[in-house]
Amino acid sequence: MKQSSNIFVRFEKIDKSYDGRELVVKNLNLDIAEGEFLTLLGPSGSGKTTTLMMLAGFENPTSGEIYLDKKPISSITPHKRGIGMVFQNYALFPHMTVYENLAFPLKVRKISNDEIENKINKAISMVSLTGFENRMPSQLSGGQQQRVAVARALVFEPKLVLMDEPLGALDKNLRESMQYELKHIHETLGVTVVYVTHDQGEALTMSNRIAVFNDGFIQQLSSPNELYERPTNSFVARFIGENNIINGIIVESDSKQCKVKTDNDEIIHANPVISNNVGDTTSMSLRPERILINPSAEIPNKFKAKIEEVIYHGDHTRLRVNLLDQNDFILKVPNASNIFSFENGSEVLLGWDSQDCRALDFIGNKKNS
Amino acid sequence: MSKILTTEGLPLEKSLKRVEQKNKFRAFLLVLPLLLFLIVAYVWPILNLLTRSVDNRLISDLLPQTAIALSNWEGNEMPSEDIYKTFYLDLNEAHKQKLSGKVSTRLNYAKNGFKSLINKTRRKLKNFEDENYKDQFIDLNKKWGDIEYWQAMKVAMPKYTIDKYLGSVDLEKNYSGEIIQKPEKRRIHRTLWYRTFYVALGVTICCLLLAYPIAHLLSTLPLRYSNLLLICVLLPFWTSLLVRTSSWMILLQQQGVLNDILVYFKIVGDKSRLELMYNMTGTFVAMTQILLPFMVLPLYSVMKTIPPSLMRAGSSLGGTPFHSFRKIYFPLTYPGIGAGSLLVFILAIGYYITPALVGGASGTLISNRIAYHMKESLDWSMASAMGAMLLVSVLVLYWLYNKILGIDNIKLG
């Protein structure tokens with residue numbers, strides 16, 4: 001992968017409002033490195049698409065400036081920015097063949113016919129659509145249309161490609177195979193990609209870095225595994241993957257560990273991420289797959305739980321247990337070694353490492369999103 | 001292949017047909033009223049119009065023997081005594097049955113002057129003696145010795161004729177059956193045809209130019225605004241055509257609102273007020289306004305289906321707004337342009353009330369001429385022939401449209 005530390009795109013103090021009353025994007029500062037695959041992830045209305053549209057030039061920032069290759073681009077119209085874009089519903093030109101669709105950006109750039117043909121052939125073979133040149137978009141399947149859209153965004157060799165939920169309309173299997181294809185294309189070409197999605201799986205699979213948006217802010221910007229393993233606030237913890245939340249008050253703390261007293265007066269050893277002031281309320285996040293059954297002696301957190309529900313999922317089994325008076329605790333057990341047999345109503349001893357239990361900002365009794 | 005049977009043992013095809021027949025019959029009953037209505041109110045009148053336009057049996061029924069005699073006459077020298085005699089007998093018979101008036105009216109279409117000639121003659125018919133009919137006719141009125149009248153009568157005699165069609169494009173047949181131009185001062189129709197097509201084309205273009213931006217705006221505005229705007233576009237539909245046309249008269253006349261404003265701002269002098277009505281300008285303006293919705297609606301319905309992301313895609317790929325419009329948006333609106341233009345053009349070539357009211361002499365169209373023949377000259381055959389020609393030109397347009405754009409592409413809303 002060709003990824004340098006050169007900053008290629010820079011958002012500087014960007015605010016965006018549509019109606020003059022509410023900010024959709026608030027003080028956005030974001031650097032994107034050359035060759036990077038950056039995903040803007042977030043629920044709908046979080047400002048991620050707006051951010052992408054500002055970069056593409058279809059929306060103007062209300063204040064602040066966007067730099068592309070160190071040049072401010074707010075006053076540059078979209079067609080002069082030279083940014084490739086893949087749209088949510090592909091936006092293929094329905095009255096043009098695949099070939100003509102791909103030729104559009106090249107003809108605009110007054111490239112000679114020979115070279116156009118050359119580039120189109122290359123792009124078409126890249127997305128493995130050779131032989132489909134003379135089809136109309138309506139004669140293609142969703143996945144093929146998607147490939148044409150990708151090829152069209154790349155054929156004029158832009159240095160930056162934006163993708164706005166490009167896989168949203170595809171079915172699950174196709175979506176997964178397209179994820180790998182897009183990832184490979186990115187790796188081969190070394191273009192910078194800014195990708196918008198609300199699908200965390202997609203974001204985790206493809207990205208170098210993920211910016212999690214909520215409420216107009218970037219909640220966390222880090223690599224996929226960092227994001228999943230070490231969320232820095234409760235929103236990210238809840239948004240990415242599954243997790244169990246335990247509320248409590250910090251009663252004892254040092255920089256590495258803290259003790260939290262839960263509502264029913266149990267003490268939990270946790271990892272203080274945001275606050276380590278004694279007396280603060282906190283919501284602790286605990287991934288379902290990090291809970292151990294019959295833990296070894298050195299595990300600090302050990303509790304008895306009652307199994308409420310057993311849900312078989314093929315590769316793993318999910319248990320809903322009553323733990324610490326919360327009956328919506330979820331627990332994932334891989335099915336590889338079927339050493340446990342679970343029964344509704346039976347009791348098990350559960351435990352987890354203090355590092356896996358992250359004490360984050362307090363969010364009260366909100367359910368898992 | 002063996003026949004597939006149903007569980008009850010009947011052939012599958014038969015039982016399927018029986019089940020479907022019932023449904024088909026029910027469906028047919030539902031459309032039957034409309035079908036009957038269409039036959040009575042649309043197909044039959046059109047067939048009637050087509051036959052009437054070529055039907056010329058009236059005169060040969062009134063003067064049956066003369067018709068036969070004249071068809072054998074060469075037409076280049078004076079008719080013989082026999083023909084005069086036959087004509088006398090026929091005319092006398094018609095006169096007795098009080099039908100000579102019809103003869104005079106019909107023959108007058110063939111040649112001006114026949115009406116008075118026959119009217120003068122029929123009063124004297126009873127005084128005729130049974131010999132030398134030719135001399136008696138010529139003595140009575142020397143026009144009977146003019147070969148042109150006889151030639152005109154010969155031309156008017158055939159039972160079926162395309163004379164009316166020729167007449168509606170200022171052509172006529174001479175006595176030997178050649179098609180020739182009408183005398184210059186009697187050529188009025190061709191100008192009208194040209195003007196009709198010119199006005200229809202002009203109105204179509206004006207409508208397209210005005211409707212395109214409106215339709216685009218309609219299709220891109222948020223729903224609550226676009227509904228309001230759509231109501232504004234449709235408002236004229238809910239106003240009587242006559243009211244709209246008269247309001248244009250109020251606006252456009254020389255002492256009208258528009259001229260008053262121009263005079264007030266000293267753009268034109270009070271003495272030189274513009275003539276905006278009773279000419280082509282009036283017809284153009286009023287017809288464009290009245291036909292505008294017919295262009296807006298098909299365009300709007302097509303534009304609504306064009307996703308805005310296409311233009312965005314165009315510009316993200318490097319196309320200037322104009323280039324993207326020309327290569328992407330505009331071609332996608334062809335079905336709407338085609339449908340709207342076809343609709344407006346077809347309505348415009350048959351337009352009647354508006355040109356009649358604001359057109360004046362230089363702004364009347366072929367439809368006004370048809371109305372004239374229906375109501376004043378009572379030459380219904382002529383009116384039918386012109387109507388049929390309008391019908392054919394519409395069909396030709398459809399055919400052309402189908403050739404160029406494909407009729408399946410049409411989108412009316």
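**Cavities and helix pairs**

A: About 30 Å³ of space lies in the second largest cavity of this predicted model. The residues that line this second largest cavity are A:Ser234, A:Ala237, A:Arg238, A:Asn243, A:Ile245, A:Ser283, A:Met284, A:Ser285 and A:Ile363. Two elements of chain A, helix H8 (234-239) and strand E14 (281-286), each contribute at least two residues to that lining. Sorted by class, the lining of the second largest cavity has four nonpolar, four polar and one charged residues.

The count of cavities of 30 Å³ or more comes to two. The largest cavity has a volume of about 50 Å³. Around the largest cavity are A:Phe37, A:Leu154, A:Met163, A:Leu182, A:Ile185, A:His186, A:Val191 and A:Val193. Helix H5 (residues 172-189) of chain A gives the largest share of this lining, three residues. In the lining of the largest cavity, seven residues are nonpolar, one is polar and none is charged.

The helix pairs are in chain B. Two packed helices are described by the angle between their axes and the distance between the axes.

For helix H3 (residues 64-72) and helix H4 (residues 81-96) of chain B, the angle is about 160 degrees and the axes are 7 Å apart. An angle over 145 degrees counts as roughly antiparallel, and H3(B) and H4(B) are therefore roughly antiparallel to each other. H3(B) passes H4(B) in a left-handed crossing. On the H3(B) side the contact is made by B:Pro64, B:Gln65, B:Thr66, B:Ala69 and B:Leu70, and on the H4(B) side by B:Ile83, B:Thr86, B:Phe87 and B:Asp90. By class, this contact of H3(B) with H4(B) has five nonpolar, three polar and one charged residues.

The other pair is helix H19 (residues 366-375) and helix H20 (residues 380-404) of chain B, which pack at an angle of about 155 degrees with their axes 8 Å apart. H19(B) and H20(B) are therefore roughly antiparallel to each other, and their crossing is left-handed. H19(B) brings B:Ile366, B:Arg369, B:Ile370, B:His373 and B:Met374 to the contact, while H20(B) brings B:Trp380, B:Met382, B:Ala383, B:Met386, B:Gly387 and B:Leu390. The residues of the contact of H19(B) with H20(B) divide into eight nonpolar, two polar and one charged.

Note on methods
Residues numbered from 1 in each chain as written. Chains lettered and ligands numbered in written order. Predicted model: local features only at pLDDT ≥ 70, side-chain atom pairs only at ≥ 80, totals over all residues. Heavy atoms only, no water. 1 Å grid on protein atoms, 1.4 Å probe; cavity = no way out; pocket = protein on both sides within 12 Å on 5 of 7 lines; lining within 4 Å. Points joined across faces, edges and corners; volume = space filled by probe spheres on them. Helix = DSSP H or I, 4+ residues; strand = E, 2+ residues; numbered from the N terminus. Nonpolar A, V, L, I, M, F, W, Y, C, P; charged D, E, K, R; others polar. Axes fitted to C-alpha atoms, helices over the stretch in contact; angles between N-to-C directions. Parallel < 35°, antiparallel > 145°, perpendicular 65-115°, else oblique. Left-handed = near helix turned anticlockwise from the far one by under 90°. Contact = heavy atoms within 4.5 Å.
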